[in-house]
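This report examines a single protein chain for a reader who is new to protein structure. Please study the sequence and the model before reading on.

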Amino acid sequence: MRRSRGGLTGFLLLLLGAWGGLIAFIGPYFHYAYTPDTAWAYTSGRLWMEILPGAAVFLGGLIIMLTAARHFAMFGALLAAAAGAWFALGQLLSPLWNHVPLGGAPAAAGSTMRIAEQLGFYSGLGVVIVFLAGIAFGRMLSRPPEAAPEPDEPYDAATAPTTIQPTAG
């Protein structure tokens with residue numbers, strides 16, 4: 001598989017993975033945050049809802065970008081898609097084992113900014129990641145595997161020479 005078959009998509013996934021993993025830590029500088037709205041404050045919610053899925057998307061994008069092995073690139077796309085799905089659905093599902101949403105609550109006062117935080121931190125980010133990972137996966141899946149080149153002449157053991165004969169030069 002040519003490396004260019006996922007270069008741009010892999011790069012975009014790298015950027016989105018970095019955004020998803022870091023926005024919780026640098027967002028408070030720009031008044032764009034979830035509680036706790038303190039820059040560089042670590043919580044277990046940030047680990048499960050932002051850092052780990054962000055790292056998985058980043059790794060998936062890196063795999064897509066750098067590998068020439070088709071099946072390994074497909075694994076990278078599936079890894080990024082699963083992490084994107086976790087970004088989109090994780091906050092909704094986390095009360096099943098934690099009894100409260102792990103990601104916290106949007107810190108903004110206005111409803112428009114709260115919606116922007118929800119989209120930029122979780123659901124919108126996850127949907128875009130799943131979309132890009134699906135594009136990458138589809139591009140790799142739709143291309144037939146590289147076939148081995150056919151030999152010029154078929155090998156026939158009955159007519160093959162048994163000794164090497166010098167040629168006149």
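The model is predicted.

H6 itself has 20 residues and spans 28 Å from its first C-alpha to its last, close to the 28 Å expected at 1.5 Å a residue. Its buried residues include Leu125, Ile129, Ala136 and Met140. In general, an α-helix has 3.6 residues a turn, so residues three or four places apart point the same way. The buried residues of H6 pack against H1, H2, H3 and helix H5 (111–121). By contrast, Val127, Phe131 and Ser142 are exposed on the other side of H6.

**Aromatic rings**

The whole structure contains 8 aromatic pairs. Two of the pairs share phenylalanine 121, as the table shows.

| Pair | Distance of centres | Angle of planes | Description |
|---|---|---|---|
| Tyrosine 32 and phenylalanine 121 | 5.4 Å | 35° | tilted |
| Tyrosine 34 and phenylalanine 121 | 4.9 Å | 45° | tilted |

Tyrosine 32 lies in the loop between H1 and H2 and phenylalanine 121 in helix H5, so that pair links parts of the chain 89 residues apart. Tyrosine 34 lies in the loop between H1 and H2 as well, and its pair with phenylalanine 121 ties together parts that are 87 residues apart in sequence. Phenylalanine 121 counts as buried because its relative accessibility is 1%, and tyrosine 34 is buried with a relative accessible area of 2%. Tyrosine 32 is buried too. One aromatic cluster is formed by Trp19, Tyr32, Tyr34, Phe121 and Tyr122.

**The loop between H1 and H2**

The loop between helix H1 (7–26) and helix H2 (44–66) also holds proline 36. A cis peptide bond joins threonine 35 to proline 36, with omega about -5°.

Histidine 31 is placed in this loop, and its phi is near 60°, a positive value in a residue other than glycine. Tryptophan 40, in the loop between H1 and H2, likewise has a positive phi near 60°. Are these residues buried or exposed? Histidine 31 counts as exposed at 67% relative accessibility, and tryptophan 40 counts as exposed at 52%.

Terms used: Residues numbered from 1 in each chain as written. Predicted model: local features only at pLDDT ≥ 70, side-chain atom pairs only at ≥ 80, totals over all residues. Heavy atoms only, no water. Helix = DSSP H or I, 4+ residues; strand = E, 2+ residues; numbered from the N terminus. Buried < 20%, exposed > 50% of the residue type's maximum accessible area, 1.4 Å probe, protein only. Expected span 1.5 Å × (residues − 1). Contact = heavy atoms within 4.5 Å. Phe/Tyr/Trp six-rings, centres within 6.5 Å; stacked < 30°, edge-to-face > 60°.
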